[in-house]
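Hi everyone, thanks for coming. I'd like to walk you through a few spots in one model, so let's bring it up on the screen.

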Amino acid sequence: MAQKPKNIDVEYAEFSDINQTEMPGAFLLTGKVRIVHDGITITCNKAYYFQEENYAKLFGNVQMVQGDTLYLNSQYAEYSGNEKKAYATGKPVLRSPDMTLSTDTINFDRNTQQAFYNSFGRIVNKENTLTSNAGRYYATEKKFQFLSTVTITNPKYVIKSNHVDYYNNSGHAYLFGPSTITSEKNFIYTEKGFYDSKKNVGHFLRKSYIRYEDRLIEGDSIFYDRAKEFASATRNVKVTDTVNKGIVKGHYGEVFKLKDSLMMTGRAVAINLVENDSVYIHGKKLMVTGKKGNQVIRAFNNARFFKSDLSGKCDSIHSSTKKALTQLIGRPVIWNGENQLTGDIIHLIGDNRTEKIDSLKVINNAFMISRDSLGTGYNQAKGLNMYGKFKDNKLDYIDLIKNTEAIYYVYDDATLTGIEKKISSSINITFDENKIDVMTSYKNVESQMYPEKDLPENARRLRGFIWRGDEIIRTKDDIFPPEEEEFDAKMQQESKIDAEKENKPMEIRKETLNYDKQKPVKK
């Protein structure tokens with residue numbers, strides 16, 4: 001059984017009158033009018049009270065007070081005791097301890113504890129100023145919902161959207177649909193996100209990115225901390241460095257903008273544009289640090305790289321743009337065409353002026369192997385160290401020094417004339433289109449030519465010979481080991497499933513719903 005509405009109670013008025021001509025069926029109340037109804041107190045200069053309808057029209061300095069937390073001031077208002085609804089106009093202002101709302105017209109439903117307006121409104125609190133063309137205030141949840149042309153202005157940034165749920169007590173904003181956050185330092189775009197305007201942290205989930213002057217951060221899910229200028233992203237992460245002409249991709253990344261630091265894992269790859277050709281570097285973990293002209297790229301654990309005419313792998317890669325030096329550390333191997341170069345450590349030296357690879361150093365146990373293009377054998381040369389020179393990104397020549405040895409298949413046109421074995425102090429090898437052209441030995445040369453039938457198979461290998469042809473990285477996709485490709489397939493499937501789901505606003509977080517419970521009690 002529905003409860004009978006309570007009657008409006010007139011507590012005080014300086015004057016009371018009945019004028020059936022001016023306002024039939026109404027009491028005319030004037031002078032410091034105060035009326036109450038079921039937990040709300042209303043004061044004004046003048047009121048028409050319709051006792052039969054349990055209704056009042058209010059004029060001049062109207063104030064409605066609910067408890068000690070909600071105040072509605074205006075120059076004119078109407079209040080229905082039966083429906084427990086209020087209507088206010090004439091510069092209405094709705095206030096709570098945390099905010100002030102001003103607009104042209106405010107409707108307040110006490111049954112649902114909701115106030116709404118359909119014209120331009122402005123909300124001001126300690127942190128922000130919010131404007132919109134329409135909005136609804138949920139007093140119990142201390143929440144505003146805006147569905148048209150919303151702008152949240154903070155001293156540090158401006159948020160714009162067409163759908164925002166804003167919790168005034170916590171400063172938590174839930175964004176839905178195309179939304180932007182603009183500041184002096186960066187620009188954020190999202191179509192579903194959360195932003196804490198007090199802590200200045202955000203979480204963005206759909207078609208989101210953060211754009212700096214020199215960097216673009218993208219990902220399926222992005223976390224952002226404005227105070228630390230830190231961003232982390234998950235799944236399909238892409239960081240584009242427009243200054244250094246680089247891209248880093250993976251499935252989890254962290255960017256410390258103030259420290260010029262980037263970390264990436266999960267099928268991670270760093271892509272650098274060098275003389276209209278891209279260099280791809282992979283490691284289980286990638287680190288990129290430093291400013292323009294002084295960047296360092298580090299790839300850890302099963303590191304690999306690929307360029308159209310050069311590729312390699314090792315335990316870790318350390319590459320410095322300032323020094324134009326790339327160090328391959330831990331069982332390194334590089335391939336230039338069908339030429340395999342190995343040693344304890346390999347250095348690739350570039351030329352910053354031309355943005356080309358200039359030369360290389362192989363330190364300790366230098367070994368070069370090249371497949372005999374006309375047969376099944378291997379041309380080989382080894383020594384203590386190796387120095388090489390590139391021309392147009394192709395090996396032009398190499399010098400092997402100290403305790404050098406070589407095995408070389410000698411041809412007359414297409415006929416194998418013999419297999420030459422040499423020992424010498426140094427060896428020079430020149431290349432033509434990535435193939436051995438001339439091999440020359442110097443000082444203390446000991447050489448012997450063997451007919452193919454007279455040289456056993458085991459004698460056709462220099463000590464330390466290891467051909468790693470099945471590991472050659474021939475394409476940019478070969479830099480990823482199988483487990484990384486499996487992980488990528490899993491991530492792409494999850495991304496596809498999420499993209500096909502209906503786009504709905506984010507679920508409200510527990511810290512939003514429990515904000516007042518978590519606030520420390522003031523002593």
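Let's start with Asn168: setting aside neighbours within four places in sequence, its contacts (heavy atoms within 4.5 Å) are Ser96, Asp98, Met99, Asn125 and Lys142. A quick note on what you're seeing: this is a predicted model, where local features need pLDDT of at least 70, side-chain atom pairs count only at pLDDT 80 or more, and totals for chains, interfaces and linings use all residues. Residues are numbered from 1 along each chain as its sequence is written, and side-chain values use heavy atoms, with hydrogens and water left out.

Asn168 sits in the loop between strand 18 (164-167) and strand 19 (172-182); strands here are DSSP runs of E, at least two residues, numbered from the N terminus. Is Asn168 buried or exposed? Asn168 counts as buried because its relative accessibility is 3%, and buried means under 20% relative accessible area with a 1.4 Å probe, protein chains only. A polar atom of the Asn168 side chain lies 3.3 Å from the backbone oxygen of Asp98.

Next, please find Gln145, in strand 15 (residues 143-148). Its side chain makes a polar contact of 3.1 Å with that of Asp165. By polar contact I mean a pair of N or O atoms within 3.5 Å; within protein, one must be able to donate a hydrogen and the other to accept it, and residues adjacent in sequence count only if both atoms are side-chain atoms.

Last stop, the cysteines. Cys44 is buried at 4% relative accessibility, and Cys314 is buried at 5%. How many disulfides does a search of the whole structure find? The search gives 0, with a disulfide taken as a pair of cysteine sulfur atoms within 2.5 Å.

Technical notes:
Helix = DSSP H or I, 4+ residues; strand = E, 2+ residues; numbered from the N terminus. Buried < 20%, exposed > 50% of the residue type's maximum accessible area, 1.4 Å probe, protein only.
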